[in-house]
Amino acid sequence: MNPLDVYKKLPKKNCAKCSAGTCMAFAVQLLRRLVPISECVELDEQGQKEIESMVSEPGDWKERRVQELLREISGSKFSAIAEGLGVTAKDDTIKLRYLGRDITVTHSGFGETMDIFDQLLILMYIKTAGNKPLTGSWVAFRDLKDGLIRSDSFHEACEMTLARMFGKDQDSFLEKIFELGSKEVKGFPAKHSFVINPLPKIPFLILLWPRDEEFDSDCRILFDSTVTGYIDVEALLYLGMAVVRRLAVNQ
Ligand code: SF4
């Protein structure tokens, strides 16, 4: 199976309604399991099923990974790691805020129905059990440990996609940013600057520039310098894409 086989089955509209932005990029990301097939809003249910069955391996790796991660955290004492992670814990239960939602995690799973990608990200965050105090020093994805190798993907899948969404309808985009619990911050060289915490100790600084006569709308995302103590860059890319997906709903 290669991306061209998947691409041939897609609507080939390049409508940019998915986080990948183009059908070919979507095909590549789908094969890497970086996006769910449901993101292609131009596909009907039958088309989604057909492509999903093409790209699915026997047994779902995401389900398997969730079970592995649950096993890996089964020995951790939640109350001992809670403060470092910025969550609350009691006995076998962690409560945390993820992308504007209150989530409950126990050693055996989630209290709420959640997308499998979101489950993976939350479990990776708990497993890493970071505890460094935030520095307030902001760095780009490419400057993080091992960031260079995934920085182009991050730029295209997250920053450019948000810039396009912002350029399309600034008011509703800003409304959605606030709905996710973002706080406007000052002192940065952008027209709009927000801090949003998709996970408690992982703030994203989102900088937005509207289109002008010379340049298209633009977006940059910066991270606290401690971020890789909480999640690795691969998972951070997925977390950025989760933010994009949440902001893209109803766009
Ligand atoms: S939403 Fe579907 S049709 Fe539109 S660019 Fe993405 S993959 Fe292509």
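**Domain contacts, helix packing and the ligand shell**

Visitor: In this predicted model, how many residues of domain 3 are in contact with domain 1?

Guide: Contact here requires C-beta atoms, placed from the backbone, within 7 Å. On the domain 1 side, 7 residues take part, and they divide into 4 nonpolar, 2 polar and 1 charged. Their partners in domain 3 number 10.

Visitor: How far apart are the centres of domain 1 and domain 3?

Guide: The protein is divided into domain 1 (3–55), domain 2 (61–128) and domain 3 (138–248). Taken over C-alpha atoms, the centres of domain 1 and domain 3 are separated by 23 Å.

Visitor: Why does the protein count as being as compact as a globular protein of its length?

Guide: The chain has 9 helices and 9 strands. For 251 residues the globule rule gives 18 Å, and the protein is as compact as a globular protein of that length because its radius of gyration is close to that value, at 18 Å.

Visitor: What share of the contacts with a separation of 6 or more joins residues 24 or more positions apart?

Guide: The C-alpha trace spans about 50 × 50 × 30 Å along its principal axes, and 31% of the 251 residues count as buried. Among contacts with a separation of 6 or more, residues 24 or more positions apart account for 61%.

Visitor: Which helices do the buried residues of α2 pack against?

Guide: Helix α2 covers residues 23–31, and its buried residues are C23, A25, F26, A27, Q29 and L30. After α2 comes R33, with a positive phi near 60°. The buried residues of α2 pack against α1 (3–9), α3 (45–55) and α7 (148–168).

Visitor: Which residues are closest to the ligand?

Guide: The ligand is surrounded by 15 residues. By class, this shell has 10 nonpolar, 2 polar and 3 charged residues. C23 and F26, which are among the buried residues of α2, also belong to the closest group.

Visitor: Which are the edge strands of the open sheet?

Guide: The sheet has 4 strands in the order β1-β2-β3-β4, with antiparallel pairing. An edge strand pairs on one side only, and this applies to β1 (88–90) and β4 (109–110).

Visitor: Which residue in β3 stands opposite T93?

Guide: Strands β2 (residues 93–98) and β3 (residues 101–106) run antiparallel and are joined by 6 bridges. Opposite T93, the residue in β3 is T106.

Technical notes:
Residues are numbered from 1 along each chain as its sequence is written. This is a predicted model: local features need pLDDT of at least 70, side-chain atom pairs count only at pLDDT 80 or more; totals for chains, interfaces and linings use all residues. A residue is near a molecule or strand if its C-beta atom, placed from the backbone, lies within 6 Å of it. Ala, Val, Leu, Ile, Met, Phe, Trp, Tyr, Cys and Pro count as nonpolar, Asp, Glu, Lys and Arg as charged, and the others, Gly among them, as polar. Helices (H or I, at least four residues) and strands (E, at least two) are DSSP runs, numbered from the N terminus. The radius of gyration is taken over C-alpha atoms; the globule rule is 2.2 Å times the number of residues to the power 0.38. A residue is buried if 20 or more other C-beta atoms lie within 10 Å of its own, exposed if 12 or fewer, and partly exposed in between; C-beta atoms are placed from the backbone. Two residues are in contact if their C-beta atoms, placed from the backbone, lie within 7 Å. Domain bounds come from an automatic or database domain assignment. Two strands pair if DSSP finds at least two bridges between them.
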